[in-house]
Amino acid sequence: VISSDTWKGLALPVALIVIGEIAGRMANLTDIDSLAPPSAIIAAFVEAVADGSILKTTRDTLVTAFTGLAVGGSIGLLIGIVLGVLPTADRLMEVTIESIRPIPSIAILPIALIALGFGYRLEIAIISFACMWPLLILTRAAVRGVEPRLMEVSRALRLTPGARVTKIVIPAALPRIFVAFRLAAGIALIVSVTVEIAINPLGLGHAIMTAQQALRPDLMLAYLVWLGIVGWALNAALLFAQQRLFGRAAVVEETR
Amino acid sequence: MNAAVSAGSAVLWRVASFAIAAGVVAVWQMIANARLVSPVFLPGPDRAWTALVRGLTEGDLVAKIVGTLEHMAFGWLSASIVGVALGALIGSSPRIRPYVTPTLEFLRPLPVSALIPVAIAFFGLSQAMALSVIGFGAMWPMLLATVHGFAAVEPRLYEVARSLHLSRAEVIFKIGLPSASPDILAGMRLSVTVALILSVVCEILAGLDGLGHWILLSARAFRSADLFAGVILLGVIGYLTSLVVAYAERRLLVWRASGH
């Protein structure tokens with residue numbers, strides 16, 4: 001049974017699609033190269049699925065996004081744990097970190113371009129830079145927020161610093177680290193598409209750009225809608241995983 | 001006494017932290033001097049600094065900074081007005097909300113930069129394209145934050161408003177906006193960053209006057225010192241703008257902290 005709220009939520013998109021279709025049929029859109037009626041968008045989508053191009057571009061975007069997330073995320077996680085466990089190091093590194101962090105990730109693009117050239121590595125490098133920060137900052141905060149009594153217990157048990165991190169700190173901070181990971185995954189997708197649109201000839205971003213340059217608004221909008229679905233599905237899957245893995249813990253931590 | 005000691009030690013920590021940063025710059029200089037990394041990719045801090053000073057005094061770096069700040073400011077200001085107004089309309093009406101919020105939530109994870117090709121199809125590679133993209137992208141966090149802020153207003157306040165027969169406008173200005181202001185300001189902080197990133201992307205794509213265009217041209221000509229000067233300036237802009245918004249946020253929310 002579908003609740004009335006679901007129907008209300010569907011009303012707006014359905015209305016937009018119907019209006020778009022009617023308006024598209026009434027106005028002759030063939031000589032306008034910026035819009036297409038929903039039926040043409042669906043046809044273009046089916047075409048892109050059939051010739052495999054949507055599968056390939058989606059794979060390229062997601063593989064670079066996740067590789068960058070893994071690389072940058074692990075670096076951020078590592079530095080975040082070190083700075084969280086050692087307040088001295090944190091205070092000493094403050095100026096250095098705070099002067100690199102405000103650099104917008106897209107500004108790294110030209111540097112990475114002359115160092116790495118076009119391709120996967122360029123994109124992965126920029127995504128890594130972008131994903132490092134949320135994990136660094138939120139992991140540091142999560143580690144610092146570990147219940148002090150747990151740390152007392154670890155001292156009483158005479159755990160080595162390594163054991164303290166793996167047995168006490170990481171498990172206790174894990175729900176908040178996962179939230180950071182989920183946020184960084186969203187950033188990874190945004191940055192990969194942005195780099196593809198700006199310069200890098202691969203993935204969904206480049207596909208949207210090429211469709212626009214080929215004056216194929218139907219294909220451009222088909223890719224755009226598909227990208228919306230991919231972004232939504234990624235976000236929904238990570239939220240679901242977060243709820244399954246950590247239940248209320250992560251949700252509460254996030255709103256704090 | 002104790003406060004003086006801790007203030008003194010805070011200064012010491014700060015000095016030590018600056019010393020570490022200076023050490024990092026020194027290591028960078030040594031790497032560049034030893035040519036461990038090709039100077040084509042990595043200029044030393046000395047060359048980057050010279051390029052920065054030369055660009056600011058003789059070159060057109062000032063004009064590029066102004067260009068980027070203009071793109072950011074126009075986009076961000078229009079986004080703030082539209083985002084908060086739309087958000088207030090949607091958020092203050094429990095009748096409209098269930099119709100609109102699912103669509104907003106669906107669109108939330110969509111990378112805004114993906115709309116650049118659509119904007120190019122409409123406006124060409126122009127200033128109008130850049131402003132529409134920056135405005136729309138920066139509006140998004142603000143719209144969502146405002147809707148959230150309005151939806152989270154204590155329901156009893158709305159009941160009070162009903163019993164006082166307040167008009168819709170009065171409800172928005174006297175109850176909604178003050179209660180939602182922390183959310184709105186947090187959204188504004190987020191959208192400043194979005195505006196900066198989108199400004200750079202649009203300048204790179206459309207060749208508009210600004211730092212994005214500057215760093216791309218420097219990279220194409222392999223002038224790495226100029227490139228680093230541009231990146232440093234973008235970092236400074238990112239730092240200063242978020243500092244200003246964070247300061248405004250603290251000032252504007254003082255009344256909440258003081259418990260009124």
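Me: Which residues are buried in helix H4 (residues 97–107) of chain B?

Reply: B:Arg97, B:Pro98, B:Val100, B:Thr103 and B:Leu104 are buried in that helix. Buried means under 20% relative accessible area, exposed means over 50%, and partly exposed is in between, with a 1.4 Å probe and protein chains only. Helices are DSSP runs of H or I of at least four residues, strands are runs of E of at least two, and both are numbered from the N terminus.

Me: What kind of model is this, and how do the labels work?

Reply: It is a predicted model, where local features need pLDDT of at least 70, side-chain atom pairs count only at pLDDT 80 or more, and totals for chains, interfaces and linings use all residues. Residues are numbered from 1 along each chain as its sequence is written, chains are lettered from A and ligands numbered from 1 in the order in which they are written, and side-chain values use heavy atoms, with hydrogens and water left out.

Me: Back to H4 of chain B. What do its buried residues pack against?

Reply: They pack against helix H1 (4–26) of chain A, and also against helix H3 (61–91) and helix H6 (127–151) of chain B. Packing here rests on contact, meaning heavy atoms within 4.5 Å.

Me: How many residues are in the largest nonpolar core?

Reply: That core has 135 residues. A nonpolar core is a set of buried Ala, Val, Leu, Ile, Met, Phe, Trp, Tyr and Cys residues joined through side-chain atoms within 4.5 Å. The residues with the most contacts inside the core are A:Tyr223, B:Leu104, B:Ile116, B:Met129 and B:Ile215. Helix H8 (residues 168–206) of chain B supplies the largest share of this core, 17 residues.

Me: Why would such side chains sit together?

Reply: In soluble globular proteins, nonpolar side chains tend to be buried together.

Me: Take B:Ile116. What does it touch?

Reply: Leaving out residues up to four places away in sequence, B:Ile116 touches A:Ile197, B:Met129, B:Val133, B:Val201, B:Cys202 and B:Leu205.

Me: And A:Ala198, what is it in contact with?

Reply: Apart from neighbours within four places in sequence, A:Ala198 is in contact with A:Leu109, B:Val201 and B:Leu205. A:Ala198 is in helix H8 of chain A and counts as buried, at 11% relative accessibility.

Me: Is A:Leu55 buried or exposed?

Reply: A:Leu55 counts as exposed because its relative accessibility is 64%. A:Leu55 belongs to helix H3 (residues 53–85) of chain A. The C-alpha atoms of A:Leu55 and A:Gly20 are separated by 27 Å, and the two residues are 35 residues apart along the chain.

Me: Something else. What is phi at A:Arg158?

Reply: A:Arg158 has a positive phi of about 55°, although it is not a glycine. A:Arg158 lies in the loop between helix H7 (148–156) and helix H8 (161–198) of chain A, and at 74% relative accessibility it counts as exposed.

Me: What about phi at A:Leu215?

Reply: Phi of A:Leu215 is near 55°, a positive value in a residue other than glycine. A:Leu215 is in the loop between helix H9 (203–213) and helix H10 (217–246) of chain A.

Me: Now whole chains. How many helices and strands are there in chain A?

Reply: Chain A has eleven helices and zero strands. Chain B also has eleven helices and zero strands.

Me: What radius of gyration does chain A have?

Reply: Chain A has 23 Å, whereas a compact globule of 256 residues would have a value near 18 Å. The radius is taken over C-alpha atoms, and the globule rule is 2.2 Å times the number of residues to the power 0.38.
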